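Hello,

Here is the structure we talked about handing over. My notes on it follow below.

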Amino acid sequence: MFSDLIPSRNTLHEAFPGFAVAVLVAATAQFLSEHYGAPAMLLALLLGLALNFLAEDGTRTAPGISFTARTVLRLGVALLGARISVEMLADLGGPSIALVAAGVILTICFALVATRFVGRSWRFALLTGGSVAICGASAAMAIAAVLPKHEKSERDLVFTVLSVTVLSTVAMVVYPMFAQSFGFTPRDSGVFLGGTIHDVAQVVGAGFSISPETGETATLVKLIRVSMLAPVVLTISLVIRWRGLADVSGGKAPPLLPSFVVGFLILAALNSFGLIPAILVDWAGQLSRWALLISIAAVGIKTSLAKMLSVGGGAIALIVAETIFLGVFVVAGLHFLA
């Protein structure tokens, strides 16, 4: 079941040059992020785009870059499960959990409806809608792993990751001001920030810029959104299979439940039963973050900047509209609950 997460020795030997390049790009992005304050994911993506020539057919690094963009990504998503627990969900309370869950589901539904007005496919709607609704770049890469591939798959993924990262950075600065102007309590501000900002790092930054209580609540709400990654990916995979749209390899359909989603759920269950020590949860979170950073560097290297720029204004309008929809829904829900 986990063969796509545990490569063979020959695969590792062939993949090492490309993997090493992706690690170097990720480490550079992290260094620049720590010194200049820009999001590491965004920097890794941009640096990767500049090295697209390393992914061309015939280069020694091409196999490793493909391996990193696929397998290392899935490992990073699976490890996210170690941060999720049932106790965490119970701490927030039923109404707030319902609001967050509804925001995720309705944002994806909104994307599927709105995509018809901008001339984009349902694949693009699920990719952008899921990334906005759940956890930004991580969700985009996880959803892309189960969507049927087409000639513009890599371009759409890079565009989505780039867009949600930029929008998340803008939200980190602007949304705390919105929370204060709306007159939210520290707890409601945390629900607003955690329920609307795309990436975890920006949620933490925005929340603690208001107060410790807001920061802790925002982080908790964000992790609840992350916990919805597995059921959303599973649902998408099941619907694709049911409609006969799944990629078929060697005459064999893909498994109903991707192995990285199984890993996510197993780790979440183990953490819920208190079977993972706190220090291992922290290590898993750090390893997951680095795996995702390295894999997004590889995705950037695989993608041609010229092709990405051909995505068009409709795609930009769609992802901005999804972000606005989610923000308006959460604000309205908080006022209703109050």
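**Salt bridges**

Lys302 and Glu154 join their side chains in a salt bridge, with 3.1 Å from N to O. By salt bridge I mean a side-chain nitrogen of Lys or Arg within 4 Å of a carboxyl oxygen of Asp or Glu. Helices (H or I, at least four residues) are DSSP runs, numbered from the N terminus.

Before going on, some ground rules. This is a predicted model: local features need pLDDT of at least 70, side-chain atom pairs count only at pLDDT 80 or more, and totals for chains, interfaces and linings use all residues. Residues are numbered from 1 along each chain as its sequence is written, and side-chain values use heavy atoms, with hydrogens and water left out.

Lys302 is partly exposed, at 29% relative accessibility. Glu154 is partly exposed too, at 29%. The cut-offs: buried is under 20% relative accessible area, exposed is over 50%, and partly exposed is in between (1.4 Å probe, protein chains only).

How many salt bridges does a search of the whole structure find? The search finds two. Asp156 and Arg155 also form one, with their closest N and O atoms 2.8 Å apart. Both Asp156 and Arg155 are buried.

**The second largest pocket**

The volume of the second largest pocket is about 680 Å³. A pocket here is an open set of points on a 1 Å grid over the protein atoms alone, where a 1.4 Å probe fits, with protein on both sides within 12 Å along at least five of seven lines. Grid points are joined across faces, edges and corners, and the volume is the space filled by probe spheres set on the points.

The lining of this pocket has 26 residues. Lining residues have an atom within 4 Å of a point. Nearest the centre are Arg83, Val200, Ala201, Gly285 and Arg289. By class, the lining splits into 15 nonpolar, seven polar and four charged residues. Ala, Val, Leu, Ile, Met, Phe, Trp, Tyr, Cys and Pro count as nonpolar, Asp, Glu, Lys and Arg as charged, and the others, Gly among them, as polar.

Which helix gives the largest share of the lining? H14 does, with eight residues. Helices that each supply at least two lining residues include H2 (40-49), H7 (137-146), H8 (153-181), H10 (200-208), H11 (212-227) and H14 (278-302).

Arg83 lies in the loop between helix H3 (62-79) and helix H4 (86-92). Arg83 is partly exposed, at 30% relative accessibility. Its C-alpha is 6.9 Å from that of Ala268, 185 residues away in sequence.

Leu162 is in helix H8. At 18% relative accessibility, Leu162 is buried.

Pro176 is buried, with a relative accessible area of 9%. Ala40 belongs to helix H2 and is buried at 8%. From Ala40 to Leu223, C-alpha to C-alpha, the separation is 19 Å, and the two are 183 residues apart along the chain.

**A nonpolar surface patch**

Ile266, Leu270, Phe273 and Leu275 make a nonpolar surface patch of about 420 Å². Patches are made of residues with over 30% relative accessible area and no salt bridge; nonpolar side chains (Val, Leu, Ile, Met, Phe, Trp, Tyr) are joined within 5 Å, like charges within 9 Å. Areas come from the Shrake-Rupley method with a 1.4 Å probe, and for residues only the protein chains shown count as cover. Leu270 lies in helix H13 (residues 259-272). Leu270 is partly exposed, with a relative accessible area of 32%.

Best regards
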